[in-house]
Amino acid sequence: MFTVPRENLYFGGLIASGWHTSSLMDRLFVEHVVSGVASLGSPGGSELRWIKPVRPGDELSIRVTIREAKRSRSKPDRGVVFFSEMMNQSREPVVTMEFVHMCLCREKA
């Protein structure tokens, strides 16, 4: 087994996996933002960035911004584009991602 002395780690100590952090961001989005009634899931995202390492003891929160509200061309009853960022306790971004999350829309007036 190969071990690296803690003081020689590239990030200067233990950090969370970027994928683990992104999964937590998704969970917070689903639990606290997405409506169980209007949510239709997501076809995917882009621009995933791990900005800053997440360390043991960090307190994380998310901020979600609607970048564009547009109806799907093929299914005009749904559509929205979000930008999401996860921040640490100092309000510094640690993860950012742009993604599409399909939601039911209201009828056109």
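1. A friendly place to start is Arg78, which is partly exposed at 22% relative accessibility. On this scale buried means under 20% relative accessible area, exposed over 50%, and partly exposed in between, with a 1.4 Å probe and protein chains only. The side chain of Arg78 meets that of Asp77 in a salt bridge, 2.9 Å from N to O. Asp77 is partly exposed too, with a relative accessible area of 32%. A salt bridge here is a side-chain nitrogen of Lys or Arg within 4 Å of a carboxyl oxygen of Asp or Glu.

2. A word on the model itself. It is predicted: local features need pLDDT of at least 70, side-chain atom pairs count only at pLDDT 80 or more, and totals for chains, interfaces and linings use all residues. Residues are numbered from 1 along each chain as its sequence is written, and side-chain values use heavy atoms, with hydrogens and water left out.

3. Now the overall layout. The chain has one helix and four strands, in the order α-β-β-β-β along the sequence. Helices (H or I, at least four residues) and strands (E, at least two) are DSSP runs, numbered from the N terminus. Of the 109 residues, 24% count as buried. Among contacts between residues at least 6 apart in sequence, 67% join residues at least 24 apart; contact means heavy atoms within 4.5 Å.

4. Back to the charged pairs. Side chains of opposite charge can pair when their charged atoms come close. The whole structure holds five salt bridges, and one of them links Arg27 to Glu31, with the closest N and O atoms 2.8 Å apart. Both residues sit in helix H1 (residues 18-32), four residues apart, about one turn of the helix. Arg27 is exposed, with a relative accessible area of 53%, whereas Glu31 is partly exposed at 45%.

5. Which residue forms a salt bridge with Lys52? The partner is Glu92, and the closest N and O atoms are 3.7 Å apart. Lys52 lies in the loop between strand E1 (44-50) and strand E2 (61-68), and Glu92 in the loop between strand E3 (81-87) and strand E4 (93-100), so the pair ties together parts that are 40 residues apart in sequence. Lys52 is partly exposed at 36% relative accessible area, and Glu92 is partly exposed at 31%.

6. His101 deserves a look on your screen. This residue is found in the segment after E4 and counts as buried at 6% relative accessibility. The side chains of His101 and Ser39 are joined by a polar contact of 2.8 Å. A polar contact is a pair of N or O atoms within 3.5 Å; within protein, one must be able to donate a hydrogen and the other to accept it, and residues adjacent in sequence count only if both atoms are side-chain atoms. Leaving aside neighbours within four places in sequence, the contacts of His101 include Phe29, Val34, Leu40 and Phe82.

7. The largest pocket has a volume of about 220 Å³. Of its 13 lining residues, the closest to the centre are Ser22, Met25, Asp26, Met97 and Phe99. H1 and E4 are the elements that give two or more residues to this lining, and H1 gives the most, with seven. A pocket is, on a 1 Å grid over the protein atoms alone, an open set of points where a 1.4 Å probe fits, with protein on both sides within 12 Å along at least five of seven lines; lining residues have an atom within 4 Å of a point. The volume is the space filled by probe spheres set on the points, which are joined across faces, edges and corners.
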